[in-house]
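This report describes a predicted model. The sections below take up helices, aromatic pairs, the nonpolar core and some loop residues.

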Amino acid sequence: MIVRPLATLAMLAASVPSFAQAPAARTAAGAAAVRGEPIVLATRLAEWQLARLDAAHVSRVTTETKNPRAWEQAVFWVGMTALADAGGPPAIRQAVLDMGRTNEWLPARRPYHADDLVITQSYLWAARHGAGAGALAPTQKAFDFILANPPRVGLPFYQPPEGYDATECLKRWCWCDALFMAPPAMLALSAQTGDARYREYAMREYWATVDFLYDPAERLFYRDSRFFDRRDDRARKQFWARGNGWVFASMPRIIPMLAKGSADRKRMEALFVEMAGRLAELQKPDGYWAPSLLAAEGSPPESSGTGFFTYGMAWGVKAGLLDARRYRPVADRGWAALTRSIQPDGRLGWVQQVSDRPEKVEATDTQYYGVGAFLLAATAMDALGKN
């Protein structure tokens with residue numbers, strides 16, 4: 001059953017202070033000042049999104065866009081938890097708690113599908129921030145089902161004539177986006193319950209996906225196995241920015257939950273550093289990353305992939321994994337690009353719509369998950385600025 005957000009959630013937006021004028025009205029100096037205040041700008045964008053939970057602003061509505069438990073909205077709520085932790089106003093925390101109660105702390109409908117489990121990241125956060133054990137119980141039940149009934153399927157992606165939901169490999173993490181969606185929740189559940197089985201399952205499946213989809217020559221991820229042999233008109237491999245963004249952003253959410261010195265942590269830190277080096281090479285001079293990472297020429301701005309990459313770069317510098325002299329400018333350029341993506345009406349623009357590959361992007365295109373990526377980037381940039 002789909003439970004729509006309470007009208008009171010939208011009303012919460014009115015309680016979030018408006019800290020700045022519309023971006024179109026700022027002078028160049030004023031815009032530069034806002035770039036130095038990421039939590040202020042993130043709060044304004046969160047306010048804008050909270051007032052628009054009806055999806056009327058989304059230019060490509062899918063069957064999941066209006067579902068408050070599905071991944072499109074869930075990634076926004078993941079960003080909201082980060083904003084609350086970073087010092088956002090009390091209305092941010094309250095909005096997360098109210099959303100979870102409205103959703104009855106339930107994941108979406110497909111028991112194995114990672115996209116339907118990402119919302120549990122916000123529930124687990126809520127359980128530690130006032131919602132109590134009741135917020136955790138449905139998530140634990142969902143992951144207990146997976147542990148008790150582990151899928152016995154391969155990772156090659158084949159969509160049968162019956163449709164997408166009949167794709168067998170979706171019971172596992174056979175597309176790179178999934179690494180952001182489910183593993184951080186399983187590790188958080190392991191930390192909160194003390195049950196190592198969730199972490200062990202998550203890491204075993206995470207590395208299976210990495211081994212299958214990572215191209216060590218390019219240090220980038222294919223979206224899924226259908227893209228192994230695809231090439232553009234210049235015979236270049238197709239590596240989707242947001243797909244790689246999902247993976248890159250998954251690691252800052254997982255690494256702190258792995259034991260220092262453990263084999264999993266050492267391997268993930270090495271993967272993160274290796275991938276960061278390639279992404280730094282591919283950043284465009286304007287601070288964005290191209291929707292197709294190896295095809296920068298003539299590419300439009302794209303803020304969702306850029307948001308995830310900026311988040312990872314800023315976090316990596318702060319964590320001491322990335323050299324500040326090389327990677328701090330990468331994060332700064334990405335953040336400046338993200339601030340330029342804010343449109344005169346307050347929306348985050350240049351967000352590629354739901355897809356599995358690079359596509360066209362318009363200035364007015366926005367989406368919940370793009371805002372979520374922006375909030376993650378803002379909180380990481382704020383932490384980096386406090387160094």
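Which residues are buried in H3? They are Pro38, Ile39, Leu41, Ala42, Thr43, Arg44, Leu45, Ala46, Glu47, Trp48, Gln49 and Leu50.

Helix H3 covers residues 38-50. Its 13 residues should span 18 Å at 1.5 Å a residue, and the end C-alpha atoms are 18 Å apart, in agreement with that value. Because 12 of the 13 residues of H3 are buried, the helix is largely enclosed by the rest of the structure.

H4 is mostly covered, with 14 of its 15 residues buried. Thr81 is part of helix H4. Thr81 counts as buried because its relative accessibility is 5%, under the 20% cut-off. Apart from neighbours within four places in sequence, Thr81 is in contact with Val96, Ser122 and Trp125. After H4 comes Gly87, which has a positive phi near 105°.

## Helix H6

H6 bends by about 30° at Trp125. Just after H6, Gly132 has a positive phi of about 80°.

The buried residues of H6 are Ile119, Thr120, Gln121, Ser122, Tyr123, Leu124, Trp125, Ala126 and Ala127. These buried residues pack against several helices, among them H4, H5 (90-102), H7 (137-148) and H11 (241-254). Helix H8 (178-181) and helix H9 (183-193) are also packed against by the buried residues of H6.

## Aromatic pairs

The count of aromatic pairs comes to 20. In one of them, the rings of Trp71 and Tyr369 have centres 5.1 Å apart and planes at 15°, so the pair is stacked; planes under 30 degrees apart count as stacked. The pair links distant parts of the chain, since Trp71 is in helix H4 (residues 71-85) and Tyr369 is in helix H15 (residues 368-385), 298 residues apart. Trp71 counts as buried at 7% relative accessibility. Tyr369 is buried as well, with a relative accessible area of 0%.

Phe272 and Trp315 form an edge-to-face pair, 5.4 Å centre to centre with 90° between the planes. This pair too links distant parts of the chain: Phe272 is in helix H12 (residues 263-282) and Trp315 is in helix H13 (residues 303-319), 43 residues apart. Both Phe272 and Trp315 are buried.

## Aromatic cluster and charges over rings

Trp71, Phe180, Trp246, Phe308 and Tyr369 form one aromatic cluster. Elsewhere, arginine side chains lie over aromatic rings. The charged end of Arg197 sits over the ring of Tyr198, 5.7 Å from the ring centre. Arg230 lies over the face of Phe227, 4.3 Å from the ring centre.

## The nonpolar core

The largest nonpolar core has 122 residues. The residues with the most contacts inside this core are Trp77, Met80, Phe180, Tyr206, Met251, Met313 and Phe374. H15 gives the most to the core, with 12 residues.

Which residues is Tyr206 in contact with, leaving aside its neighbours within four places in sequence? They are Trp173, Leu179, Pro183, Val247, Ser250, Met251, Ile254 and Met268.

## Loop residues

Arg219 is found in the loop between strand S1 (214-215) and strand S2 (220-221). The phi of Arg219 is near 60°, a positive value in a residue other than glycine. Arg219 is partly exposed, with a relative accessible area of 22%. Trp350 lies in the loop between H14 and H15, and Trp350 has a positive phi of about 60° although it is not a glycine.

Asp323 is found in the loop between H13 and helix H14 (324-340). Asp323 counts as partly exposed at 37% relative accessibility. Asp323 and Arg333 are 10 residues apart along the chain, and their C-alpha atoms are separated by 16 Å.

Note on methods:
Residues are numbered from 1 along each chain as its sequence is written. This is a predicted model: local features need pLDDT of at least 70, side-chain atom pairs count only at pLDDT 80 or more; totals for chains, interfaces and linings use all residues. Side-chain values use heavy atoms; hydrogens and water are left out. Rings of Phe, Tyr and Trp (its six-membered ring) pair if their centres lie within 6.5 Å; planes under 30 degrees apart count as stacked, over 60 as edge-to-face and the rest as tilted. Helices (H or I, at least four residues) and strands (E, at least two) are DSSP runs, numbered from the N terminus. Buried means under 20% relative accessible area, exposed over 50%, partly exposed in between (1.4 Å probe, protein chains only). A charge sits over a ring if NZ of Lys or CZ of Arg is within 6 Å of the ring centre and within 35 degrees of the ring normal. The bend at a residue is the angle between axes fitted to the seven residues ending there and the seven starting there. Contact means heavy atoms within 4.5 Å. A nonpolar core is a set of buried Ala, Val, Leu, Ile, Met, Phe, Trp, Tyr and Cys residues joined through side-chain atoms within 4.5 Å. The expected span of a helix is 1.5 Å times one less than its number of residues.
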